[in-house]
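I opened the model today to look up a few places in the fold. These are my notes, in the order I took them.

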Amino acid sequence: MVHPLEHLVVRHTLRLPCPTGPAGDGTAVARRFDAALMTAGFKLSTELLERLSGLAEPTVVETAVRTLATVRELLGDHVRHNVRFIDFPADVPDTLDFWMTCVTEAIDDGSVDSGALDRLRTGVLDLLTLPSYGRYGHTYEEMLAVHEELIAAAGDRLTVLHLGAAAEDEVTGLYLALADSTTPLGEEHLHDLAVLAEHCADGPQPETITVRENRAVVNRARLRVGAAPLLDTVTDVLRLACALAEGDVALREPTRFRALSRPYRRALLAGLDAVVAASAAKLADVSAHAGAWKRLGERLHPHEYPHWPHAAEVFAVARGERKVPSLDSRVEEILGRGDVTAAAGLLASAAPGRLFRALDRLLRDATEAEERKAVLAAVERAAPEVSGRVVLSVREHLQNRAGGNGGERRVFVNREGRAWVTADTRRPLEDGDRERLIEVLDAETRRRLPDPGHLLIDPEVLDVALPLSGRAASAGFGVLPRGSVSPVEGELLRFFTYWREAARTTDHDLSALVLDEDFATVTWLSYTALTDVEGAHSGDITSAPDGASEFIDLRLGAVRGTFVVPQVHVFSGEGFDEAAECFFGFMLRGSAQQGRPFEPRTVRMKSDLRGPGRVALPLAFRRDDEGRWNAHWLHLYLRGTPSANRVEEHRVSIAVLLRGLFGRTPLTVRHLVELMGESGAPTTLWDGRTLPDTPVTYIGLERPDGLAPGSRVLTPENLRDLLPA
């Protein structure tokens, strides 16, 4: 029997749950399955191929059909990628010549209206009034017919698909891994957790759930099967109510609460009553979300349940009938008196995590050496009580905090990936204080790291940024966290974007900006600049009821600048988070390889675009002093304008943003590997060939085939497990 959540396991772990079915000789079909996977850049592991070979042919065929569909969707190969210019990347016309051809065709066939002709006479050209502009002039099949088959190359990607455990065990393991994550999950992963939580509600549960959004999703599933929710703050109850209303459990956006069934109302009120009865101090959290509590109170009717009086206190605080000062207001009052020592002491005892988040401000407000010593002492006392993610986040902040008041720029990125830059006007921290704090944080991290045994490291993973938040990366294939750096080896770099509109005509535009070492503009490729010495654009498509694609081909050896910044603009219609489907990616090819515009086995990365802005910046490419190219992962969105976004209008703001970003140093896998090495863990940099015959802790970009049984594997799919709790 096929497990309904098998595709989630494949997508998250690159493991296929152990196929089951009648025994037989499925060798021939399994090898054909392996060959079909290789056209998409995947391959069956030795164990998985052996397992499939021992099953009956119909079972292998069914498994192959399902798995191929999942793999192709991972890569973006589940849709048809057509191009405006049928021979792309060859024979792309000059931009002005192409526009004039569209004008001539419209005039010749009489399809252009008189108003457009009048505007044209005054020198105004509206491309959208030209019938042949922005539309495919050929079918997908006609486009395929003019392209030769892709020539295999040694540099083509080959990702191994491994054999997993029994389907239910894999699903349960994935559920526990997501629910027990020490970092907040992205929207896509949070949605998958909700699906898994419903399925696994009656099975094993994580002992603790530290991330509050994860807890809300799991609590909803528990409530639906009659299990008691896990609640220890009043905000846990509010998040659960938002989850039941299909609202925002992160509490960033207002939730429209619906009428709740009596059992749900009783469960929420009983939970509130128990939390407040155990600690009345937790009422201090209510005022932070007073508006949401008042809206929820209209649905819960707490006055109907007088036997839960502590629950009613929550709504009295929300309405302002009872005054309970929040921790933040108490801290602000103390700081208003200039007592930094008392503020640090209060935070250390009441909320160690908030102490760490307020650390920079406390040190700036401390005017005396004794006050700074008190803050440092409070940090040392509180450090064991702070989550590992916060410890590492503050460590990353401090290593980038040497400046201030010197013209430096601060870069802000919010939870949704929206970024902006401003001047850094903060007073510098004392070097001695900063160095002492770094020592404390590194010692605390080292203490928490488990003994990994023999560490086997893929060198290319060392510059991957630690996933301190799941929101620092988009869902997709080959995606790394924001701040990561990965090498790019190939002669031709091809970007692609695909979108499909949901309800209204939508035009997304793919562009690539080339900057020099000082972030000044060299050139760009877009629908307004179809060709340049660097490469070519596949042509503008202006609507996508059935889906549309655009491509940019770049010859890396011909790039005249230092940076290449691909970007996707919303020109009109639906934004990234409104379209039915929208993604970006890049491929790498050798100069001798031909093939279709989209070849799945050359795809190195495919990332969903689901941000709030109108300009997406998935990543940037930088050439180092030795001429080698590296990808720098951004996952950012700029606000842009409501319509007509173009690379020309945003190139200056993008350059300013990149200047600030490239001035920062993220905390990477290298940091934790070095700390584990300092604790005595034997470490080997893997040469890509010989694997040890004993169990290891392997950290790399992909899991190699042939690791010894009992090995622990950490790849981008589960790199969050590397972070200490």
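This is a predicted model: local features need pLDDT of at least 70, side-chain atom pairs count only at pLDDT 80 or more; totals for chains, interfaces and linings use all residues.

**Entry 1**

I started with aspartate 91, which lies in the loop between α4 and α5. Its phi is positive, about 60°, although aspartate 91 is not a glycine. Is aspartate 91 buried or exposed? I find a relative accessible area of 63%. Aspartate 91 is therefore exposed, since the cut-off for that is over 50%.

Proline 89 has its place in this loop between α4 and α5 too. I checked the peptide bond from phenylalanine 88 to proline 89 and found it cis, with omega near 10°.

I turned to phenylalanine 519, in the loop between β10 (507-515) and β11 (521-525). Phenylalanine 519 has a positive phi of about 70° and is not a glycine. Its relative accessibility is 12%, so phenylalanine 519 counts as buried.

I also looked at the hairpin of β4 and β5, which has five residues between the strands. Glycine 417 takes a positive phi there, near 90°. Strands β4 (residues 409-413) and β5 (residues 419-423) run antiparallel and are joined by five bridges. Arginine 409 has alanine 423 in β5 as its bridge partner.

**Entry 1: the seven-stranded sheet**

I traced an open sheet of seven strands in the order β7-β17-β16-β9-β14-β13-β12, with antiparallel pairing. Which strands stand at the edges? They are β7 (476-477) and β12 (531-532). Each has a single partner strand, so one side of each is left without a neighbour in the sheet.

Strand β9 (residues 492-500) is joined to strand β14 (residues 548-555) by eight bridges, running antiparallel. β9 also pairs with β16 in the antiparallel sense, over nine bridges. From methionine 587 I stepped across to valine 603 in β17, which stands opposite. β16 and β17 pair in the antiparallel sense over five bridges.

How many residues of strand β16 (residues 581-589) are buried? I count nine of its nine residues. In a regular strand the side chains alternate between the two faces of the sheet. I sorted β16 by face. Glu581, Phe583, Gly585, Met587 and Arg589 are on one side, Cys582, Phe584, Phe586 and Leu588 are on the other, and all are buried.

Helix α4 (residues 57-75) lies across β7, β9 and β17 (603-608), at about 80° to β17.

**Entry 2: proline 566**

Proline 566 is found in strand β15 (residues 563-572). At 0% relative accessibility, proline 566 counts as buried. I listed what proline 566 touches beyond four places in sequence; Phe495, Phe584, Leu617 and Phe621 are among them. Serine 511 is another of these contacts. Proline 566 and serine 511 are 55 residues apart in sequence, yet 5.8 Å apart in space, C-alpha to C-alpha.

**Entry 3: the four-stranded sheet**

Four strands form an open sheet in the order β20-β6-β21-β22, with parallel pairing. Neighbouring strands here are turned by 20° against each other on average, direction ignored. Strand β6 (residues 455-457) and β20 are joined by three bridges. Leucine 456 has threonine 684 in β20 as its bridge partner. Helix α23 (residues 669-678) lies across β6, β20 and β21 (697-699), at about 155° to β21.

**Entry 4: helices**

Helix α19 (residues 369-382) and helix α21 (residues 431-448) pack at about 10°, with axes 10 Å apart. That makes α19 roughly parallel to α21. The contact is made by Arg372, Leu376, Val379 and Glu380 of α19 with Asp433, Arg436, Leu437 and Val440 of α21. By class, I get four nonpolar, no polar and four charged residues.

Last, helix α9 (residues 187-199). Its buried residues are Leu190, Asp192, Leu193, Ala194, Leu196 and Ala197. Their cover includes α1 (6-13), α8 (167-179) and α10 (212-224).

Methods:
Residues are numbered from 1 along each chain as its sequence is written. Side-chain values use heavy atoms; hydrogens and water are left out. Axes are lines fitted to C-alpha atoms, for helices over the stretch in contact, and angles run from 0 to 180 degrees between N-to-C directions. Helices (H or I, at least four residues) and strands (E, at least two) are DSSP runs, numbered from the N terminus. Angles under 35 degrees count as roughly parallel, over 145 as roughly antiparallel, 65 to 115 as roughly perpendicular and the rest as oblique. Contact means heavy atoms within 4.5 Å. Ala, Val, Leu, Ile, Met, Phe, Trp, Tyr, Cys and Pro count as nonpolar, Asp, Glu, Lys and Arg as charged, and the others, Gly among them, as polar. Two strands pair if DSSP finds at least two bridges between them. Buried means under 20% relative accessible area, exposed over 50%, partly exposed in between (1.4 Å probe, protein chains only).
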